[in-house]
Amino acid sequence: MLQIPFSDATIEPGTVISWSLHTKRAAAISLTSASFNQDKHHSSSEATRSTSDGIASSITVTFEITGELDTKALAAALLLLVRRHEVLRCEFQRLAGDLNCTALAPDSITLEAEEVGRFHNGDDLHTHLDKTFKSIDTLSWPLFLMGAVVRDNGATVYLCFDHIVCDGLSMPVVVNELQTSYAALSADRTPELPAAASYLTFGDDQRRRYAALRPDDDRLRYWKDFIRGNGGFFPRFPFDLGVPEGHLYPLVNRALPLLDPHRTDALAAGARASGGSVFTAVLAAAATAQHRFGGPGVYRGLLPISERTDEGRGEHGGVNAGEADGAADEAAGGASNPWQHSVGWFVNTMPIEFRVGEGGTDHATTIARARTAYGALQRHTDIPFVRAWELLAPETFALHHWPFPVNFFSYIDFRRTPGGLQHPLWKPKLHVWAARGNGISHWFHRTATGLHVNMLHVDTPQAHEIGDALHEELVRVLREIAGERDSVPVPIPRPSRARPAVRS
């Protein structure tokens, strides 16, 4: 699964069919508390609805079905997806200050198909889909949309979700489930799917366990230690992006290659020789690239941490947004853990800090320090990020975005996610979109085609210049860890700057 801006996606024209959700409004089956992530996301959308800094974000996935499409089987697979995952059937309502989820009964949900029209060229199709994806509204039901571009020899299926109901790791779950269900249903068989746990249960349990947390609780010790060293709650991106504090800008969305499959394998070998993994090697390389570019000798950043553990709780140690090391790599697609096959926002965010190895190219030392720091982080992932922010930085918690550009690092090995071995056949693409922001974020990911990065940053000259320079230095460091010396990275493609991913 490749993560790229939708502006870079190429979808062969055809007939667009969409499926919309319908339900009996009296069919509610449960009322639960929303998770901390959902509450913060929803309140930000509410507060900025009538401002120029409206908060909007979505996650879209596309994938291919080969051969003549069985539309009846696809519709049945889509309906089964919605009925299996409570979070896709929930409505949000704020009661007495708290955000609640009302889950609708599975059998109350129906789908209605509509033939939108036939598109004869890629530009018109792209314009239509881009506008459709940006129509998702956090404050309106339903919170996702579904459709397909149908051709004589196959189809491109798309689903677009508001962030409030899913995370990035939900996307391979969705693709795997739909492909499995479609294959069975088109052959008149009953789909056999792994057990999937409910994100609504997860979120409600999280709220009950941490609502009474206080600032003096010892479980906040890791965060407090980080704050003392960092000088504040958020680790600031160490370079000036030309963004005045308190301002949001349109974002540029770029996907850039890092290493081809051969070099990625060499990176993995170099990382193992230093006692690390591809994840810790990339994290160490990002820190080293910043340091070489004039950044600090101590790397401080925020990492998204998967909460898809066996019990679905962070206190048992999350893994960095998609199974970073060793055993976690092997378990990522395992059928024994129902949270691995669930749709929801199973992401905590944690700070990390470690010193860059002295000598400029002492990569083994930096990798070891990154691994040690990550091990310490894993022992403290029980506290939800939003709750820690509220308790330890209340002066900025009322903001509807992070207060300034933050050092943000994410890594996913999509090969290890459910259905990952079939990705070369299914050709899934992940498209993350956000309307506005004030910083720069990097989503590193590994696929069968190598190592890649999706980068979202403010559309300022400084951000373009710094993003380009850091990328080139990062590729150089990664090649050094992979065993190359004095390598010159391939120049990054510049034309993408002319195609911003969002409209201002």
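Biologist: Is the crossing of helix 2 and helix 4 left-handed or right-handed? Please tell me about the surroundings as well.

Modeller: Happy to! Please keep in mind that this is a predicted model. The crossing of helix 2 and helix 4 is right-handed. On the helix 2 side, the contact is made by A73, L74, A76, A77, L78, L80, L81 and R84. Helix 4 brings V174, E177, L178, S181, Y182 and L185 to that contact. Sorted by class, the residues in the contact of these two helices are 11 nonpolar, one polar and two charged.

Now for the geometry. Two packed helices are described by the angle between their axes and the distance between the axes. Here helix 2 covers residues 71–84 and helix 4 covers residues 170–185. Their axes come within 8 Å and cross at roughly 135°. An angle over 145 degrees would count as roughly antiparallel, and 65 to 115 as roughly perpendicular; helix 2 and helix 4 are therefore oblique to each other.

Helix 4 also leads us to the strands. Helix 4 lies across strand 4, strand 9 (154–162) and strand 15, and runs at about 30° to strand 4. Those strands belong to an open sheet of seven, ordered 1-15-4-9-8-2-7, with mixed pairing. At the edges stand strand 1 (2–3) and strand 7 (109–118), each with a single partner strand, so one side of each is left without a neighbour in the sheet.

Let us stay with two of the strands that helix 4 lies across. Strand 4 (residues 57–66) pairs with strand 15 (residues 429–434) in the antiparallel sense, over six bridges.

Another place to look is L425, which sits in helix 13 (residues 423–426). With 49% relative accessibility, L425 counts as partly exposed. L425 and F63 are 362 residues apart along the chain, yet their C-alpha atoms are separated by 9.4 Å.

For a buried residue, turn to I367, whose relative accessibility is 0%. I367 is in helix 10 (residues 363–378). Leaving aside neighbours within four places in sequence, I367 is in contact with A271, S274, G276, T280, A281, A284 and I481. From I367 to A271 there are 96 residues in sequence, and 7.5 Å in space from C-alpha to C-alpha.

Notes: Residues numbered from 1 in each chain as written. Predicted model: local features only at pLDDT ≥ 70, side-chain atom pairs only at ≥ 80, totals over all residues. Heavy atoms only, no water. Axes fitted to C-alpha atoms, helices over the stretch in contact; angles between N-to-C directions. Helix = DSSP H or I, 4+ residues; strand = E, 2+ residues; numbered from the N terminus. Parallel < 35°, antiparallel > 145°, perpendicular 65-115°, else oblique. Left-handed = near helix turned anticlockwise from the far one by under 90°. Contact = heavy atoms within 4.5 Å. Nonpolar A, V, L, I, M, F, W, Y, C, P; charged D, E, K, R; others polar. Pairing = 2+ DSSP bridges. Buried < 20%, exposed > 50% of the residue type's maximum accessible area, 1.4 Å probe, protein only.
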